[in-house]
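Dear colleague,

I am handing over the structure below, and my notes on it follow directly after. Please read them alongside the coordinates.

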Amino acid sequence: MSDTRSHPASPDTLAISLTEAIHEHRVLPGMKLSEDEVGDIYGVGRTVVRQALRSLAHDGLVSIERNRGAFVARPSVKEAREVFEARALLEPRMARAAAERTTKEDMALLRAHIADEHAALDAGQHGRALNLSGHFHVEIARIADQATVEGFIRQLVSRSSLVIALYWRRRNAMCESHAHHALLEALSARDGAGAEELMKGHLLDLLSQLDLRDQAWTGVSLREALRP
């Protein structure tokens with residue numbers, strides 16, 4: 001996580017830092033985000049914190065409850081299934097479109113992205129690797145050059161981080177590396193049909209790795225989770 005404590009955070013930079021902490025599973029679903037505590041950790045006032053939390057609520061990462069405050073969103077089993085089913089509907093077509101439009105620059109970016117993901121895994125930074133894995137899917141949607149659908153996929157991938165934190169069977173497992181490498185090869189070959197089928201199978205495999213039963217998690221304190 002970038003250190004925002006050297007200078008007071010703005011609502012936008014605070015929202016980015018909190019989003020990263022949620023995506024990397026340092027802050028877990030159901031954890032209370034006290035305005036006073038977050039403000040104390042980042043050295044900002046409650047107004048800044050409140051604006052950042054509202055931004056995260058708009059993105060579906062935070063739930064704001066009247067008279068109780070803000071909590072990291074906790075998707076239900078139904079919501080978890082819907083998120084991955086929606087991804088399985090949208091992302092295969094985006095993979096096909098990306099294969100038809102990809103450039104050498106796009107391929108270089110995706111290869112670097114996978115290299116960063118592997119480096120994070122080798123360093124034991126499983127939360128960062130998971131975050132990078134999700135962004136790999138967003139990059140494919142960007143290459144497809146369909147901004148509206150890209151926005152939907154970006155939000156679904158973001159909510160997937162909450163689902164995985166709650167329901168993933170293998171706590172440290174990421175998107176299987178061979179699946180991303182196979183997608184990379186299909187994109188490089190401009191094999192739209194192949195990329196579509198690979199993405200469809202990949203997402204169905206991810207769904208099969210979810211243990212869709214109600215889970216109870218206990219985490220570290222908020223201060224420990226957000227420390228630089």
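Predicted model: local features only at pLDDT ≥ 70, side-chain atom pairs only at ≥ 80, totals over all residues.

Helices (H or I, at least four residues) and strands (E, at least two) are taken here as DSSP runs, numbered from the N terminus.

Residues are numbered from 1 along each chain as its sequence is written, and side-chain values use heavy atoms, with hydrogens and water left out.

Strand 1 (residues 62–65) and strand 2 (residues 69–72) run antiparallel and are joined by four bridges, where pairing requires that DSSP finds at least two bridges between two strands. Ser-63 stands opposite Phe-71 in strand 2. The two strands form a hairpin with three residues between them, and Asn-67 in the turn has a positive phi of about 65°.

Val-83 lies in helix 4 (residues 77–101), and it counts as buried because its relative accessibility is 5% (buried means under 20% relative accessible area, exposed over 50%, partly exposed in between, with a 1.4 Å probe and protein chains only). Leaving aside neighbours within four places in sequence, Val-83 is in contact (heavy atoms within 4.5 Å) with Leu-156, Arg-159 and Ser-160. Val-83 and Leu-156 are 73 residues apart in sequence, yet 6.1 Å apart in space, C-alpha to C-alpha.

Of the 228 residues of the chain, 49% count as buried.

Best regards
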